[in-house]
Amino acid sequence: MTETSDLPMTEDALCAFCDALPGATRSQPFGPGIEVWKIGGKIFALMAPGSGRISVKCADPEFATMLIETGRAEKAPYLPRGGWISVGFEAQDADEMAHRLRESHATVRASLPRRVREGLD
């Protein structure tokens, strides 16, 4: 998997990281301006190329609220409350961004029906 560091992740590195997560697929279901990563048919990350931001799901909605209230994230546009945040990937170091992406991937994976999860293994 992609190495991380205390430097920010580039957009290309972020895309490669998401692509490399187990069971991840990338598509553009909303048109060519939005990259979407899914696991088991459910979104775990999405980004408008060139925006400098990516939307991910936090495992804990209260933690997502804290990140928003402290200015470390924003509410993810067009996504429901309940843990979705938008983070600037160049404002965070690569380790923090990798953590956010892994957590989102794991959170969405855990919400899938057991038969779908088992099919991913």
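Modeller: Two strands are taken to pair if DSSP finds at least two bridges between them. The model under discussion is a predicted one.

Biologist: Which residue in β6 is the bridge partner of Ser55?

Modeller: Strands β4 and β6 pair in the antiparallel sense over 5 bridges. Within this pairing, Val56 stands opposite Ile85 in β6. The bridge partner of Ser55 in β6 is Ser86.

Biologist: Which residue stands opposite Ser55 in β4?

Modeller: Strands β3 and β4 run antiparallel and are joined by 2 bridges. They form a hairpin with 5 residues between them, and Gly50 in the turn has a positive phi of about 85°. The residue opposite Ser55 is Leu46.

Biologist: What is the bridge partner of Val36 in β3?

Modeller: Strand β2 covers residues 35-39 and strand β3 covers residues 42-47. The two pair in the antiparallel sense over 5 bridges. In β3, Val36 has as its bridge partner Leu46.

Biologist: How many residues of β6 are buried?

Modeller: Side chains in a regular strand alternate between the two faces of the sheet. On one side of β6, Trp84, Ser86 and Gly88 are buried, and on the other Ile85 and Val87 are buried, so that both faces are covered. Strand β6 is therefore largely enclosed by the rest of the structure, its buried residues numbering 5 of the 5.

Biologist: How many of the 5 residues of β4 are buried?

Modeller: A residue counts as buried when its relative accessible area is under 20%. Strand β4 is largely enclosed by the rest of the structure, because the number of its 5 residues that are buried is 4.

Biologist: In which hand does α1 pass α3?

Modeller: Helix α1 comprises residues 11-20, and its axis comes within 11 Å of that of α3. The two axes cross at roughly 35°. The crossing of α1 past α3 is right-handed.

Biologist: Which residues in α3 do Leu14, Phe17 and Cys18 in α1 meet?

Modeller: The residues of the contact between α1 and α3 divide into 6 nonpolar, no polar and 1 charged. From α1, the contact involves Leu14, Phe17 and Cys18. On the side of α3 they meet Met97, Ala98, Leu101 and Arg102.

Biologist: Within what arc do the buried residues of α1 fall, seen down its axis?

Modeller: Leu14, Cys15, Phe17 and Cys18 are the buried residues of α1. They line one face of the helix, because their arc is 160°. What covers them includes β1, β2, β3, β4 and α3.

Biologist: Is Tyr78 buried or exposed, and with what relative accessible area?

Modeller: Tyr78 is found in the loop between β5 and β6. Most residues other than glycine have a negative phi. Tyr78 has a positive phi of about 70° although it is not a glycine. Tyr78 is exposed, and its relative accessible area is 86%.

Biologist: Which residue in β6 is the bridge partner of Lys75?

Modeller: Strands β5 and β6 pair in the antiparallel sense over 2 bridges. In β6, the partner of Lys75 is Ile85.

Biologist: How far apart in space are Glu74 and Ser55, C-alpha to C-alpha?

Modeller: Glu74 has its place in strand β5 and is partly exposed, with a relative accessible area of 44%. Beyond its neighbours within four places in sequence, Glu74 is in contact with Arg53, Ile68, Ile85 and Ser86. Glu74 and Ser55 are 19 residues apart in sequence, and their separation in space is 9.0 Å.

Biologist: By what distance are the C-alpha atoms of Thr25 and Glu74 separated?

Modeller: Thr25 lies in strand β1 and is partly exposed, with a relative accessible area of 45%. Not counting residues up to four places away in sequence, Thr25 touches Val36, Trp37 and Lys38. Thr25 and Glu74 are 49 residues apart along the chain, and their C-alpha atoms are separated by 25 Å.

Definitions and conventions:
Residues are numbered from 1 along each chain as its sequence is written. This is a predicted model: local features need pLDDT of at least 70, side-chain atom pairs count only at pLDDT 80 or more; totals for chains, interfaces and linings use all residues. Side-chain values use heavy atoms; hydrogens and water are left out. Axes are lines fitted to C-alpha atoms, for helices over the stretch in contact, and angles run from 0 to 180 degrees between N-to-C directions. A crossing is left-handed if the near helix is turned anticlockwise from the far one by less than a right angle, and right-handed if clockwise. Contact means heavy atoms within 4.5 Å. Ala, Val, Leu, Ile, Met, Phe, Trp, Tyr, Cys and Pro count as nonpolar, Asp, Glu, Lys and Arg as charged, and the others, Gly among them, as polar. Buried means under 20% relative accessible area, exposed over 50%, partly exposed in between (1.4 Å probe, protein chains only). The arc is that of the directions from the helix axis to the C-beta atoms.
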